[in-house]
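This report concerns salt bridges and the parts of the chain that they join. Please consult the sequence and the structure shown below while reading.

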Amino acid sequence: MADVEFTIDGHVAHVRLNRPQGLNAITQEMDDLLLDAWNTINADPEIWCAILSAEGEKGFCIGADVSGGAERKTRMALGGGLTGIGGPLVTLKKPLIAAVQGFCVGGGFELAMCADIIVAAETAQFGLPETKVGIIGECGVVHRAMRQLPHHIAMAMILTGERIKADVAERFGLVNEVVPFADLAATAQKWADKINAASPLANQAAKVAALGRLGHPLEVALMSRFEEIEQYAESNDKREGELAGAERRKPVWTGR
């Protein structure tokens, strides 16, 4: 079996790290497979959202596989480009749900933070161990942690290397829901169903707008125009939403 499994079920793409013997540390081959998955998800209009998960209860991902040395053979960013660490950033246009269990540290923590929704098993532990073992580089994980966690919580994780458990991560808004490990896959699917109950094109336009102006002042964001929103205004889904509202029924989205 491949170290990254990619399947499509209805309108949901499933991307699964499948190297549990290495706590799903990401190899160059896995990076290549992940890039293929993100490109397919972006290009296929029948895929409305994606779930990123991992095999094995002990670990979601512990970052890059450095068993053969830390030097990377290509400039592809970790996680198939999704993290932007070590190479060009790949932007996923569709909503992404991360289903996290066990160790989620370093680059694996970064990969989880690239998701729009995070569901975590009670076993999950999030951490940035780099400084604790005397390592620090141009790591995006510290920047995402500072943006997704309260200042002092993020700084404590960065400066001590200590991990936080799933319930603490939920308290600080890092994760959306914490469940028993046995319920993790079903919970991720539940979130996918909730997302796909909305217009997929509206969701994609909303993601572009929300993230595209995240680092800008509010007044700049309010004055911005987004091509995806303007394209949505002419879409079949926009007309279906209006028609369904007038007919008092649930809309039937086509993603067109």
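A residue is called buried when its relative accessible area is under 20%, exposed when it is over 50%, and partly exposed in between (1.4 Å probe, protein chains only). The model is predicted, so local features need pLDDT of at least 70 and side-chain atom pairs count only at pLDDT 80 or more, whereas totals for chains, interfaces and linings use all residues. Residues are numbered from 1 along each chain as its sequence is written, and side-chain values use heavy atoms, with hydrogens and water left out.

A salt bridge is a side-chain nitrogen of Lys or Arg within 4 Å of a carboxyl oxygen of Asp or Glu. The search of the whole structure finds 10 salt bridges, including those in the table.

| Salt bridge | N to O distance |
|---|---|
| Asp65 and Arg19 | 3.6 Å |
| Glu46 and Arg256 | 3.1 Å |
| Glu177 and Lys190 | 3.0 Å |

Helices (H or I, at least four residues) and strands (E, at least two) are DSSP runs, numbered from the N terminus. In the salt bridge of Asp65 with Arg19, Asp65 belongs to the loop between strands S4 and S5 and Arg19 to the loop between strand S2 and helix H1, so parts 46 residues apart in sequence are tied together. Arg19 is buried at 15% relative accessibility, while Asp65 is partly exposed at 24%.

Glu46 and Arg256 form a salt bridge that links distant parts of the chain, 210 residues apart. Glu46 is partly exposed at 33%, and Arg256 is partly exposed at 40%.

Glu177 and Lys190 also form a salt bridge; Glu177 lies in strand S10 and Lys190 in helix H6.
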